[in-house]
Amino acid sequence: MTHEEIHQQFHELRVKQAEAEIRNEQMRIQLEDIDAQAALFRIVTENMLDLVALTDMEGYYLFAGQSHAILGYEPAFLTGKNVMDFVHPEDLPGIQNEFAEFVASGLPRRVEYRYRCIDGSYIWLETLGKFITDENCLPKKIVFSSRNTSERKQAEEELRKSLTRYDELVANVPVGVYVFWIRANGHVEFEYVSNRWCEIHQIKREDVLADAAKVNNLVHPDDRDTFLLRNQESYRKRIPFSWEGRFLLGDGKCRWLHIKSTPFVFDNGDIRWFGVTSDITERKLAEEALRENTTRARRQRDAIARIFLDPLFVSGHLLKAFDALTEGAAGALQLSQASIWLFSEDGLCLECLAQFVCQKEEHRRSTVGNIVDVAGYIEALRRKGRIVAEVKGNDWRIASIVESNGPPLQPFYTLIDTAILLKGQVIGAVSLVHVGEKRLWHPDEEAFAATIAAMAAQAIANSERKQLLITLKDREKQYRELFDNAPVGIFQITEAGRFLTANPEYARLAGYADPAHLMSRVTDIAAQLYVDPKERERYQAYLRRHGQAKNYQVELKRSNGERFWASMNTRVRHDPLHGVVYDGFLIDINEFKRSEAEREKLHEQLNQAQKLESVGRLAGGVAHDFNNMLGVILGHTEMALTQTDPAKPLYASLEAVHQAGQRSAALTQQLLAFARKQTVAPKVIDLNEALEGMLKMLRRLIGEDIDLLWKPGRNLPPVNIDPSQIDQILVNLCVNARDAIAGQGKITIATYSKTLDEAHCPDATGALPGEYILLQVSDDGCGMDQKTLSHIFEPFFTTKEQGKGTGLGLASVFGMVKQNNGFINVNSEPGQGAAFTIYLPAYAVKSAATVENTLEQPAEHGNETILLVEDEPAILKMATMMLEMLGYTVVAATSPGEAIRLAHAYRGRLDLVMTDVVMPEMNGRELAGHLFSHCPDLKCLFMSGHTANVIVHDGVLDDGVHFIQKPFSMKDVGTKLREVLEG
């Protein structure tokens with residue numbers, strides 16, 4: 001090697017040495033920077049609230065800051081361990097998948113999981129993972145930043161439980177519950193709506209929470225202005241809001257809702273409203289139905305009540321509940337059949353789970369074929385919810401709904417099918433079928449059908465969940481505001497009678513200032529709150545038997561002693577701390593009870609009228625045959641008396657028989673008068689003149705110890721009445737007054753006129769507005785109590801000793817007054833006498849007709865020929881003898897057919913036909929019509945013990961008709977025959 005080569009190599013070595021020294025200096029400076037950065041990194045990481053760690057690409061800790069001390073681990077302890085070693089076992093599979101996807105993607109990722117602490121407990125971490133890359137931008141390490149989210153998780157869980165408990169609390173309240181805000185800036189938003197509220201408004205919860213204005217849009221256009229004005233007034237004055245009106249809901253139907261809410265104002269101007277919504281549509285429909293047809297509404301209501309109380313319905317057994325529903329519905333609406341149909345599980349068939357056929361009073365079940373056969377019907381039911389059809393012959397609806405199980409086909413079917421909805425889905429139908437004449441369904445019948453469908457849906461729901469697991473434990477703090485502002489009284493009471501809780505409304509109803517006063521001062525519920533303490537025992541016994549009570553009505557009292565009726569809905573539950581506890585709510589139903597009492601009063605009056613009508617029908621039925629027998633007895637006795645020497649003992653016996661027969665006839669006439677079956681001939685008369693003609697006879701009747709005062713009214717309009725009825729009415733009332741006076745006394749007869757309007761009609765059966773003439777008979781006798789007053793017009797009711805009265809006097813007065821479209825009002829108290837006031841309709845035209853009292857005249861004779869028709873042989877024989885004794889020629893017939901044959905065959909002149917009214921083959925009027933066609937000049941006299949509306953209307957003789965009442969005397973028939981023949 002040459003010297004130059006050696007020198008060159010040495011120079012290169014010196015250059016390399018210098019470069020190495022430069023690189024060493026640069027590395028020293030870089031290490032100092034790295035140490036400074038590492039110190040800063042440790043300071044930052046050790047003072048962060050988040051947990052920071054560095055791992056390799058497989059998840060092994062390379063570094064953990066002091067912030068990891070929250071887990072209880074020293075940072076050095078974690079170095080070299082894998083992050084997955086501390087993940088909760090339940091979260092581990094998911095986190096491993098997340099880590100693998102994270103490494104594969106190379107992108108940051110955020111996860112949430114539970115991480116184990118040193119003491120074995122777990123906390124929730126939210127971790128963000130990012131990569132540290134090399135100079136080639138490839139990931140080589142991972143930085144994890146984790147945050148402790150346990151408190152947030154716990155808050156979220158508490159919120160979820162709170163909302164769950166909120167829903168469970170209001171689930172037992174039969175109204176929709178809502179909470180909404182009106183912010184200071186005017187923004188309106190709903191905070192909470194219950195499931196029941198959504199059902200009532202037919203709106204989804206998420207829709208109304210997203211847009212509160214959707215509710216206002218449902219208000220009926222005619223009610224929207226008043227709704228908004230009431231809202232504005234409540235908002236402006238910060239006062240509770242209460243309103244009821246119509247809503248147009250999702251199904252297109254108009255519903256009546258009652259909305260009530262209470263405001264709570266916050267310092268920042270926000271207002272929080274707590275309210276309830278009740279669907280009052282059924283109540284509105286019921287009120288309208290009650291005005292239109294009380295009987296129909298009561299029948300439907302009673303049917304629903306019977307179904308609710310029917311052991312079959314409350315048994316929880318679906319088919320038994322359906323049997324109770326169909327039988328109750330058919331009976332309430334008087335249908336041919338009622339049935340419940342559900343889709344089969346595969347959705348291909350309709351299954352008849354219950355059908356009640358009224359004709360056979362039996363329950364049936366069956367399956368109707370493929371649903372495709374009735375696809376149009378099913379689609380219409382799903383779309384409309386109800387099908388009302390009028391069907392003739394074998395229409396497809398009949399074939400699919402009725403024919404397979406119903407009664408034999410009739411000419412006309414009227415049916416109403418209502419969809420059964422469960423969770424918003426149509427699952428079947430309630431089918432109500434009327435067979436026969438065309439029937440128009442009343443709106444309340446359609447509502448009743450909907451109720452039956454709803455009850456069917458409820459029965460299905462009950463069968464799916466036989467027991468509702470609802471508890472109110474530990475909820476008072478969370479829901480106090482809702483509880484305190486509920487419009488019904490809510491309570492929790494132990495079986496022993498100690499209040500566990502009560503809301504302000506319950507305290508108010510009980511008459512206490514607040515729940516604290518109620519709970520501290522009521523120590524004996526039975527004695528302090530119940531009008532009848534034993535009712536508390538009956539109430540508890542009912543709860544022990546049934547486990548719950550719905551609409552249990554009881555009379556309670558407030559702290560000041562004021563009484564009120566309440567309806568309680570209660571369920572029994574077993575509390576671990578207090579044993580048996582009664583949960584429920586209470587509603588003031590005083591107004592309802594007053595309405596119910598009025599309905600009961602009307603029902604009692606109807607029963608009384610029906611009872612009197614029944615006796616009247618009995619009297620009419622008996623009168624005909626009984627008067628026939630009396631006619632035979634009186635007729636033969638009268639003829640025997642004319643042929644017997646008065647000095648002989650036989651004459652006195654015959655006279656006693658005759659008098660007894662006359663009294664029996666009088667009793668029959670009283671029965672007919674009571675039943676308004678008495679045949680009368682009304683005349684327009686002056687009532688004062690008619691009464692004055694009776695005064696002399698009445699004074700003899702009542703005796704010298706009793707004063708009879710007569711106070712006639714002036715300028716009275718006339719009345720249209722049979723004068724003999726005035727005589728009977730006055731005699732019966734005066735005799736009744738005489739018997740009520742012991743010793744000396746006074747009877748006053750007065751008349752006057754009066755015009756009645758709707759507001760001043762007396763509280764008497766049949767009282768109507770109009771112009772009346774009043775006849776009042778009053779006395780200062782012993783008077784009557786209320787129990788006696790309630791029975792005085794009943795036939796055979798009497799307070800007199802046995803043998804002193806028949807009990808028909810006042811009953812016949814009642815019948816005669818009603819027959820003349822009048823009514824009676826009675827005022828009496830024990831020891832204060834009695835006043836009977838009779839209201840007779842005033843006659844429009846003044847008449848000079850008066851009552852004439854005629855003296856008895858002997859029987860008149862004649863020589864004409866009479867066709868006598870009587871189906872009772874004994875009467876025929878007796879009447880023939882009477883007529884022949886009066887000088888008449890008699891052609892006797894025992895039937896209408898024989899009478900027609902004799903009339904055609906008779907060669908001489910027939911002057912008059914005397915015929916019974918009620919006979920077989922044809923009645924007397926029809927017979928007279930046949931005879932008049934053959935003998936146009938023939939006169940006619942009808943005779944009967946009861947005319948049966950053949951020749952009368954409401955007991956009043958038809959114009960131009962001559963009539964004699966059985967039984968009759970020879971004098972009566974002689975006089976009547978001359979009147980007809982010479983008239």
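Is asparagine 715 buried or exposed? Asparagine 715 counts as exposed, because its relative accessibility is 77% and the cut-off for exposed is over 50%. The model discussed here is predicted.

**Overall content**

The protein has 30 helices and 35 strands. Of its 983 residues, 44% are buried. Among contacts between residues at least 6 apart in sequence, 59% join residues at least 24 apart. The number of disulfides is 0.

**Two residues with positive phi**

Most residues other than glycine have a negative phi. Asparagine 715 has a phi near 55°, which is positive although the residue is not glycine. Asparagine 715 sits in the loop between β23 (706-711) and β24 (719-721). Arginine 238 also has a positive phi, near 55°, and belongs to the loop between α8 and β8. Arginine 238 is partly exposed, because its relative accessibility of 36% falls between the cut-offs of 20% and 50%.

| Residue | Relative accessibility | Class |
|---|---|---|
| Phenylalanine 190 | 13% | buried |
| Arginine 238 | 36% | partly exposed |
| Asparagine 715 | 77% | exposed |

**The five-stranded sheet**

An open sheet of 5 strands runs in the order β7-β6-β10-β9-β8, and its pairing is antiparallel. The edges are β7 (188-193) and β8 (241-248); each has a single partner strand, so one side of each lacks a neighbour in the sheet. From one strand to the next the twist averages 30°.

Within this sheet, β9 (residues 254-265) and β10 (residues 271-279) run antiparallel and are joined by 9 bridges. Lysine 260 has valine 276 in β10 as its bridge partner. Strands of a sheet pair through backbone hydrogen bonds.

Helix α8 (residues 221-237) lies across β6 (176-182), β8, β9 and β10, and runs at about 155° to β8. The loop from α8 to β8 is the one that holds arginine 238.

Phenylalanine 190 is part of strand β7. Phenylalanine 190 counts as buried because its relative accessibility is 13%, and the cut-off for buried is under 20%. Leaving aside neighbours within four places in sequence, phenylalanine 190 contacts Tyr178, Val179, Phe180, Trp197, Val208, Leu209, Ala212 and Val215. Arginine 272 is 82 residues from phenylalanine 190 along the chain, and their C-alpha atoms are separated by 9.6 Å.

**Helix α23**

The buried residues of α23 are Leu687, Asn688, Ala690, Leu691, Met694, Leu695, Leu698 and Ile702. An α-helix has 3.6 residues a turn, so residues three or four places apart point the same way.

Note on methods:
Residues numbered from 1 in each chain as written. Predicted model: local features only at pLDDT ≥ 70, side-chain atom pairs only at ≥ 80, totals over all residues. Heavy atoms only, no water. Disulfide = S-S within 2.5 Å. Pairing = 2+ DSSP bridges. Helix = DSSP H or I, 4+ residues; strand = E, 2+ residues; numbered from the N terminus. Axes fitted to C-alpha atoms, helices over the stretch in contact; angles between N-to-C directions. Contact = heavy atoms within 4.5 Å. Buried < 20%, exposed > 50% of the residue type's maximum accessible area, 1.4 Å probe, protein only.
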